[in-house]
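This short report goes through selected residues, one topic at a time. Please keep the sequence and the structure in view while reading.

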Amino acid sequence: MSERGNAIRGEAELELNGQRLILRPSFAALVAAEEELGSLFDLVERAAKGRLLLSEIVSLFWHVIKDRPEDLKRDDFGEAMMAVGLAGVTPALKILLKQILQGQ
C-alpha cells in the first residue's frame, strides 16, 4: 500500500507484516470503538495512567483501520501487532489518542 497517513487529519500509519495500514479516527470508526470499549475519554485516561490493556489497543486500532483488507482477521491483526511489540505501535497510539482529545 503506497498511501501515507495524513497527520493533519489525525491519521496514523502502522506497518504490519510488510503492509502499511492507515488508521483514520473518523466519527463512525470512533463510535464503533466506543460501543465496544466504552467511553473514549475513559480510554484516554487509562492510557495516560499506563493502564491501557493490549486488547483495548487492538480494538481501537481495528475500528479505525481505513480500507481494512478483507482478508485481514482480527486475531491475525493482534498477533501482527505483538510481532512489532508495544514500542512499535505506541507512536500510532499516541497520534490517535491526541486526535480523540483534540479533534480536527
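## Leu101

Leu101 counts as exposed, because its relative accessibility is 52% and the exposed class begins over 50%. The model is a predicted one. Leu101 has its place in helix H4. Along the chain, Leu101 and Val44 are 57 residues apart, and their C-alpha atoms are separated by 8.0 Å.

## The aromatic pair

How many aromatic pairs does the structure hold? There is one aromatic pair. It is formed by Trp62 and Phe77, whose ring centres are 5.7 Å apart. The planes of these rings are at 55 degrees, so the pair is tilted; an edge-to-face pair would need planes over 60 degrees apart.

Trp62 belongs to helix H3, which covers residues 54-64, while Phe77 belongs to helix H4, which covers residues 74-102. The pair therefore ties together parts that are 15 residues apart in sequence. Are Trp62 and Phe77 buried or exposed? Both Trp62 and Phe77 are buried.

## A charge over the ring of Trp62

Trp62 also has a charged group over its ring: the charged end of Arg68 sits there, 4.0 Å from the ring centre.

## Lys66

Where does Lys66 lie? Lys66 is found in the loop between H3 and H4. With a relative accessible area of 17%, Lys66 is buried, because the buried class covers values under 20%.

Leaving aside residues up to four places away in sequence, Lys66 touches Glu3, Glu11, Ile22 and Arg24.

Key
Residues numbered from 1 in each chain as written. Predicted model: local features only at pLDDT ≥ 70, side-chain atom pairs only at ≥ 80, totals over all residues. Heavy atoms only, no water. Phe/Tyr/Trp six-rings, centres within 6.5 Å; stacked < 30°, edge-to-face > 60°. Helix = DSSP H or I, 4+ residues; strand = E, 2+ residues; numbered from the N terminus. Buried < 20%, exposed > 50% of the residue type's maximum accessible area, 1.4 Å probe, protein only. Lys NZ or Arg CZ within 6 Å of the ring centre and 35° of its normal. Contact = heavy atoms within 4.5 Å.
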